[in-house]
2 protein chains.
Amino acid sequence: MFKAPSHQVAGHQARDGKLGPLVDELGRFYKPLQSGERGSQEVAFYEKFCSNTTIPDHIRNFFPIFYGTQLLEASDGSGKHPHLILQDLVSGRVNPSIMDIKIGSRTWPPESPEDYIQKCLQKDRGSTSLPLGFRISGLQVNGGEESASWKPEKKYIKSLTADDVRLVLRKFVSSNVSAESSVQPDCSLASIVYGGSTGILAQLLQLKAWFEEQTVFHFYSCSILFMYEKGSMLEGKKSNAEIKLIDFAHVLDGCGVIDHNFLGGLCSLIKFIREIIDTPSA
Amino acid sequence: MFKAPSHQVAGHQARDGKLGPLVDELGRFYKPLQSGERGSQEVAFYEKFCSNTTIPDHIRNFFPIFYGTQLLEASDGSGKHPHLILQDLVSGRVNPSIMDIKIGSRTWPPESPEDYIQKCLQKDRGSTSLPLGFRISGLQVNGGEESASWKPEKKYIKSLTADDVRLVLRKFVSSNVSAESSVQPDCSLASIVYGGSTGILAQLLQLKAWFEEQTVFHFYSCSILFMYEKGSMLEGKKSNAEIKLIDFAHVLDGCGVIDHNFLGGLCSLIKFIREIIDTPSA
């Protein structure tokens with residue numbers, strides 16, 4: 001009944017006897033509570049988010065549905081472990097292309113312990129988080145039977161420069177995806193996946209408008225998922241392009257202040273996406 | 001001919017034999033070039049900014065006019081020292097009220113030396129820069145002969161909490177300014193100084209729109225000045241509310257990326273100002 005997710009591109013994975021998330025056939029995603037405060041903070045976030053009546057529906061749709069928590073047999077065989085029960089975001093999708101983008105130039109909350117701050121700061125400085133305000137944490141481009149697939153290894157993802165990020169964001173919406181860097185991505189799907197009234201840019205702009213106002217949550221080390229179905233598009237069907245926010249183990253009370261760290265990174269990402277739509281052949 | 005400025009609220013001051021800026025009677029402000037790379041970086045910024053033809057006039061107006069550099073007798077008596085020749089922003093203003101707000105949750109550029117990063121990080125964490133995305137560096141509320149004045153001392157400014165910042169932003173546009181914290185500021189000038197089609201919020205929103213697009217400059221440790229004339233207002237005349245950007249010793253090339261650090265802090269400041277306009281009696 002439970003199995004490891006097929007389309008996970010970042011984070012802890014339930015493989016080789018390790019603790020990781022599981023999915024069932026009913027479209028639910030079981031995420032093991034992280035140790036220490038992280039697990040309880042993520043539960044607290046979902047509970048606060050669900051009970052907050054000021055969040056408009058079009059924003060709520062950017063978050064996974066939360067069904068509660070449950071003790072489940074852990075994937076590492078260590079016995080019962082508490083899990084968050086969430087919507088499986090890729091359930092029902094055929095060969096999804098997915099990208100996980102961690103938002104914010106700073107991934108640590110202000111009041112963190114000193115060693116945690118220094119650890120995060122090194123990662124932020126060693127990645128594109130600091131210069132770009134976001135970093136790509138993982139991706140897969142899945143063309144179904146119609147087109148080549150691409151799932152770069154972690155080592156490549158971790159070494160991405162600003163120019164690489166530009167390239168990866170282009171490759172994500174190209175029909176000629178290749179692991180070889182010499183092939184210029186054609187961005188042939190950009191106008192539909194990124195652009196248009198229901199594309200990813202339009203959704204990011206809705207999210208931005210909310211972040212300019214909301215002072216309830218500060219989302220540290222949280223990711224935006226980009227998802228769409230390339231195989232479906234190449235058959236002339238819909239792209240099902242969608243963004244979702246995930247990973248709320250470091251969400252804090254906003255205390256009446258906007259999340260300027262998330263918002264800044266989001267605006268930077270928006271600028272990158274807009275440039276691809278405006279100049280797909282650049 | 002040269003004298004120390006009368007209305008400086010932050011930064012190095014030309015007093016007690018120290019090196020600081022000078023003004024003349026023709027409306028020019030002479031700023032000594034800072035030591036090391038800072039001085040040359042500030043000159044380089046002004047030269048690049050002046051020669052950049054893509055910057056629209058309404059944005060250019062938010063910056064001091066740059067007239068070049070000049071060797072001048074330094075205010076500390078140390079002999080000739082190179083100075084930036086800039087527009088004296090308060091020249092022609094009568095009893096201006098001024099606030100200096102340093103923008104950005106991070107005041108250090110990515111490639112800074114390790115000791116400089118740690119020094120700035122401590123200041124950012126020890127002030128409201130980290131939680132709010134900006135910090136108040138100095139202010140004076142000047143009521144002319146009609147109203148009390150208030151110029152808090154450095155020690156008070158350096159200890160401001162998030163709640164204090166809210167209070168100071170309210171006091172800045174109140175007729176009943178007092179150093180005593182028990183007096184609730186009336187925000188009676190907020191709708192004109194902060195609000196309205198030519199008020200400070202409208203100007204901040206113009207600046208925000210530019211920062212969402214421009215990828216030429218990254219402004220670290222740069223300040224926005226708020227200025228207006230309270231005495232003039234209390235006599236039924238114009239507020240002359242205006243914002244200006246100052247201090248460009250840490251401006252770097254944007255390398256095609258927006259300044260998400262400045263933009264995030266700017267959006268946070270905008271939210272604070274908007275709340276005061278919306279609920280002046282809060």
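Student: Helices (H or I, at least four residues) and strands (E, at least two) are DSSP runs here, numbered from the N terminus. With that settled, which strands have B:Asn95 in the loop between them?

Tutor: Strand S4 (80–87) and strand S5 (97–103) of chain B, with B:Asn95 in the loop that joins them. Keep in mind that this is a predicted model.

Student: What's phi like at B:Asn95?

Tutor: Phi is near 45° there, which is a positive value in a residue that isn't glycine. B:Asn95 counts as partly exposed, since its relative accessibility is 33%.

Student: And where is B:Ser221?

Tutor: B:Ser221 belongs to a loop of chain B too, between strand S7 (217–219) and strand S8 (223–228). Its phi is positive at about 60°, although B:Ser221 is not a glycine.

Student: Is B:Ser221 buried or exposed?

Tutor: Buried: B:Ser221 has 11% relative accessibility, and the cut-off for buried is under 20%.

Student: Let's switch to the two chains. What rotation superposes chain A on chain B?

Tutor: A rotation of 180°, with 0.0 Å of shift along the axis and an RMSD of 0.0 Å. The two copies are therefore related as by a two-fold rotation axis.

Student: Which C-alpha in chain A is nearest the axis?

Tutor: That of A:Gly264, which is 2.2 Å from the axis.

Student: Nice. Now salt bridges: how many are there over all chains?

Tutor: The count comes to 29. Side chains of opposite charge can pair when their charged atoms come close. One of the bridges joins A:Asp124 and A:Arg135, with 3.0 Å between the closest N and O atoms.

Student: Which elements hold A:Asp124 and A:Arg135?

Tutor: A:Asp124 is in helix H3 of chain A and A:Arg135 is in strand S6 (residues 134–140), so this pair ties together parts that are eleven residues apart in sequence.

Student: What does A:Arg166 pair with?

Tutor: With A:Glu275, in a salt bridge at 3.6 Å from N to O. A:Arg166 sits in helix H6 (residues 162–171) and A:Glu275 in helix H10 (residues 260–278), both of chain A, so the parts tied together are 109 residues apart in sequence. A:Arg166 is partly exposed at 23% relative accessibility, and A:Glu275 is partly exposed at 25%.

Student: Which residues are linked with those two in a network of salt bridges?

Tutor: A:Asp163, A:Lys271 and B:Glu213 are linked with A:Arg166 and A:Glu275 in that network. Note that B:Glu213 comes from chain B.

Student: What about A:Lys244?

Tutor: The side chain of A:Lys244 meets that of A:Glu242 in a salt bridge, 3.7 Å from N to O. A:Lys244 is buried, with a relative accessible area of 6%, whereas A:Glu242 is partly exposed at 24%.

Student: Where does A:Lys158 sit, and is it buried or exposed?

Tutor: A:Lys158 is in helix H5 of chain A and is exposed, at 66% relative accessible area.

Student: And which residues make the nonpolar patch?

Tutor: A:Met1, A:Phe2 and A:Leu26, which together have about 370 Å² of accessible area. A:Leu26 is in the loop between strand S1 (22–23) and strand S2 (28–32) of chain A, and at 70% relative accessibility A:Leu26 counts as exposed.

Student: Last one: how far apart are A:Gly39 and A:Ala249?

Tutor: In sequence, 210 residues; in space, 6.2 Å from C-alpha to C-alpha. A:Gly39 is part of helix H1 (residues 37–51) of chain A, and A:Gly39 counts as buried at 1% relative accessibility.

Notes: Residues numbered from 1 in each chain as written. Chains lettered and ligands numbered in written order. Predicted model: local features only at pLDDT ≥ 70, side-chain atom pairs only at ≥ 80, totals over all residues. Heavy atoms only, no water. Buried < 20%, exposed > 50% of the residue type's maximum accessible area, 1.4 Å probe, protein only. Least-squares fit on C-alpha atoms with pLDDT ≥ 70 in both. Patch = residues over 30% accessible without salt bridge, like charges linked within 9 Å, V, L, I, M, F, W, Y side chains within 5 Å. Areas by Shrake-Rupley, 256 points an atom, 1.4 Å probe, with all protein chains shown as cover. Salt bridge = Lys/Arg side-chain N within 4 Å of Asp/Glu carboxyl O.
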